[in-house]
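Try each task yourself before reading the worked solution.

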Amino acid sequence: MSREVSTAADPDLPTEELHKKSYSSLYRRFILLTLICSVLPLLVVGWVIYSNYSSFAYSRMEEFFYRRVEYNRKLIELFLKERTNDLQLMAATHSVNYLGDRSNLQRLLEKLNQEEAYFIDLGLINEEGKHVAYIGLFDLMDKNYSQTFWFKALTAKGGFYVSDMFMGYRKTPHFIIGILWSDGNKKWILRATIENEFLDSLIGNVKLGETGEVFLVNREGIYQTSPRFGGKIMDKSLLPIDSFEGEGGVRILEPGESRAYKKQPSQVVGYAWLKEPNWVLVVKQDYAEAFSDVNHANTLALVFLHLSILAILVVSFLTTKHMIGVVRKRDEEANFLNRQLMQASKLASLGELAAGVAHEINNPLAIILTESQLVRDVIGDYPDFDREFKTELTNSLSQIEDQVQRCNQITHNLLRFSRRSQAVPGLVDVNACLEEVVVLLERRGITSGVEFVIDLDKDLPQLMTHPSQLQQVFVNLIANAIDAHEGKPHGTIQIRTRANETERGAEIMIADTGSGIPQEIIDKVFDPFFTTKPVGKGTGLGLSISYKIIKDLGGTITVLSEVDKGTEFKIFLPFGSAKTGEGPADDSRERI
Amino acid sequence: MTVAKESEEKHARVLLVDDEVVFTTNMSKILSRRGFEVRAVNDGESAIEAIEDEEYDVVVLDLRMPGMDGIAALKVMKRKRPLLEVIILTGHGSVESGIQGMNLGAFDYAMKPIQINELQEKIEEAFARKLLQEKMARKSERGSH
């Protein structure tokens with residue numbers, strides 16, 4: 001309510017400004033709401049999927065590494081066990097004497113290497129650490145092993161012993177398998193050497209992507225096989241071996257966890273401790289590569305998420321904009337209706353005022369007429385008056401009566417106008433309606449040098465329509481036509497009515513010879529608040545109200561214009577259901 | 001035309017009711033010169049008194065008057081003197097009051113300012129109708145007896 005009052009109080013700017021503000025705040029609120037309602041859940045879902053998938057992928061990767069390292073561990077253990085069993089079988093099935101013979105030993109080595117050349121050499125060593133027999137590439141017959149680490153370890157442990165990699169006398173990395181047994185009172189050792197290549201071939205061939213590697217490290221962190229990157233066999237590994245607890249497992253090695261790995265990216269490390277010897281098998285890969293598929297999937301998901309958010313943003317911006325547009329249009333329509341209502345009520349009050357004035361003027365007019373009549377009567381009473389004087393007086397009286405008649409016409413029109421402004425729809429004589437408007441505006445036209453050319457179709461049937469509204473349209477159009485001649489010394493306004501029998505309607509044409517409407521704005525002339533008149537002269541409502549009235553009456557209004565030539569408005573009004581009205585009501589109306 | 005002749009022989013008695021004193025004085029002078037017996041009053045109450053005191057044929061009645069207005073006066077007159085003919089003459093342009101007046105039994109409705117000849121004709125027509133109705137009333141009275 002208060003807003004309506006304010007619009008009524010002052011017409012344009014403050015409310016427009018207010019509306020603009022409320023629209024932008026509405027816009028912001030809509031956007032915020034859609035963002036909260038759509039982007040937020042999407043982010044939550046995205047995050048949940050991301051974290052779940054990541055942990056799932058991690059456990060899969062963990063399992064993969066675990067299996068891989070287990071598999072390789074078993075492979076190596078099996079290899080070592082087989083070799084150990086070979087030697088043990090040899091020791092158990094042959095006598096020391098037999099083994100002590102070099103040619104026999106040669107035969108046995110060939111047998112062992114029948115499948116593949118696992119063993120480089122083979123030697124029988126007595127309990128003093130001296131070779132009894134030796135077969136191999138190196139001349140080691142006179143070497144005494146009693147002080148070597150493996151001899152000590154084997155004699156202390158008994159059974160069999162697998163050594164770490166060492167260089168030994170021959171200066172190449174190798175390891176040995178030693179078997180200790182006793183026949184009666186003497187202890188004997190069967191010793192065989194295995195080249196590092198075999199272990200390398202067992203695990204070194206395993207390729208694991210770009211950054212993956214598999215290698216063996218002993219308890220002290222010495223490489224037992226050649227790693228793919230960052231070192232070679234017998235070098236000290238930089239892995240924090242002490243942290244590899246238990247039988248095996250998978251862990252992530254963060255950069256900076258050990259000094260040497262500071263510069264390297266995160267690593268996934270799978271490890272498994274061998275039972276004999278005390279080595280640890282390591283399967284290692286860059287975290288980024290190991291999880292590249294996961295990362296890829298996650299990146300895709302992230303891209304998708306962002307695209308979705310972008311799409312939501314775009315859609316929500318567009319829909320909100322559209323909605324605001326709709327709301328704004330509604331508001332404008334409501335506003336327009338309000339103004340129209342104001343205009344109508346203004347017109348109605350004007351009509352009332354006009355009626356009052358007309359009534360007040362009619363009484364004195366009636367008196368003037370009676371006075372004139374009295375004078376006429378008196379003249380008649382005195383036949384001896386000067387003839388010339390009498391004629392002059394009678395002429396004056398006639399003039400007075402004529403002028404009274406003219407005033408009478410004006411007041412009648414005013415009364416009619418006011419009556420129409422309240423009237424309900426009825427049968428309307430469009431011609432009469434036009435004539436009344438012309439009478440009202442003729443004076444204004446003449447002062448502007450505009451001549452009216454009126455051509456009315458006498459056979460035009462009465463229309464079932466709203467007389468006051470129709471009159472308002474005519475007033476608007478004719479007043480505009482007069483205004484269009486501003487700056488021109490003279491012009492004509494042509495008003496024509498025609499009955500269009502084929503389309504069953506009345507055509508009313510109002511054409512002026514005024515300034516015309518430029519083509520670029522001709523589409524806008526029926527828009528509310530569009531005006532070419534200077535501020536304060538036109539409301540910009542006249543034509544839009546006319547347009548709406550004609551539309552509401554079921555008709556059409558069109559405009560044709562050429563700059564400097566003039567403008568022509570054409571109204572078409574359908575005859576409607578009651579085409580010709582010969583009702584008694586018209587009779588009484590015509591009288592008054 | 002015979003009726004008109006009759007009316008000329010018997011002068012119509014006219015009562016002018018209007019709050020405009022100048023109008024009624026002028027009009028009564030004019031109408032008197034045209035052979036009517038005219039009396040003028042300036043409000044509704046005086047008009048009622050006048051028709052009670054004397055017999056009139058035609059009343060020329062303004063609608064808008066201070067005190068008792070034309071419509072109210074018309075109602076009372078028609079009740080008291082059903083055969084009295086009333087011409088409504090007003091400056092007010094409302095159709096509704098005109099229709100109302102006609103429904104209440106007024107003979108005619110005219111707007112100010114009115115040409116004297118026009119008013120004279122209306123008065124004569126009204127008078128003629130009054131005479132006719134009086135005749136018919138007498139006949140039916142006689143017939144019923």
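**Exercise 1.** Find which residue W273(A) stands opposite in strand 9 of chain A.

*Solution.* Keep in mind that this is a predicted model. Start at W273(A) and look across to strand 9 of chain A: the residue opposite is V280(A). Next, zoom out to the two strands. Strand 8 (residues 267-273) and strand 9 (residues 279-286) of chain A run antiparallel and are joined by 7 bridges.

**Exercise 2.** Work out which strands of the open sheet in chain A stand at the edges.

*Solution.* First, write down the order of the 4 strands, which is 6-9-8-7 in chain A, with antiparallel pairing. Then check the ends: strand 6 (213-218) and strand 7 (248-253) of chain A each have a single partner strand, so one side of each has no neighbour in the sheet. Going from one strand to the next, the twist averages 25°.

**Exercise 3.** Explain why the buried residues of helix 4 of chain A lie on the same side.

*Solution.* List them first: within residues 102-112 of chain A, the buried ones are N104(A), L105(A), L108(A), L109(A) and L112(A). They span an arc of only 140° around the axis, so they sit on the same side of helix 4 of chain A. Here's the background: an α-helix has 3.6 residues a turn, so residues three or four places apart point the same way.

**Exercise 4.** Describe the contact between chain B and chain A.

*Solution.* Count residues: 24 come from chain B and 22 from chain A. Now the area: about 2200 Å² is buried between the two chains, with 61% from carbon and sulfur atoms. Finally, look for charges: there are 3 salt bridges across the interface. One of them links D381(A) and R33(B), whose closest N and O atoms are 2.0 Å apart.

Technical notes: Residues numbered from 1 in each chain as written. Chains lettered and ligands numbered in written order. Predicted model: local features only at pLDDT ≥ 70, side-chain atom pairs only at ≥ 80, totals over all residues. Heavy atoms only, no water. Buried < 20%, exposed > 50% of the residue type's maximum accessible area, 1.4 Å probe, protein only. Arc of directions from axis to C-beta. Pairing = 2+ DSSP bridges. Axes fitted to C-alpha atoms, helices over the stretch in contact; angles between N-to-C directions. Contact = heavy atoms within 4.5 Å. Buried area = accessible area lost by both parts, 1.4 Å probe. Salt bridge = Lys/Arg side-chain N within 4 Å of Asp/Glu carboxyl O.
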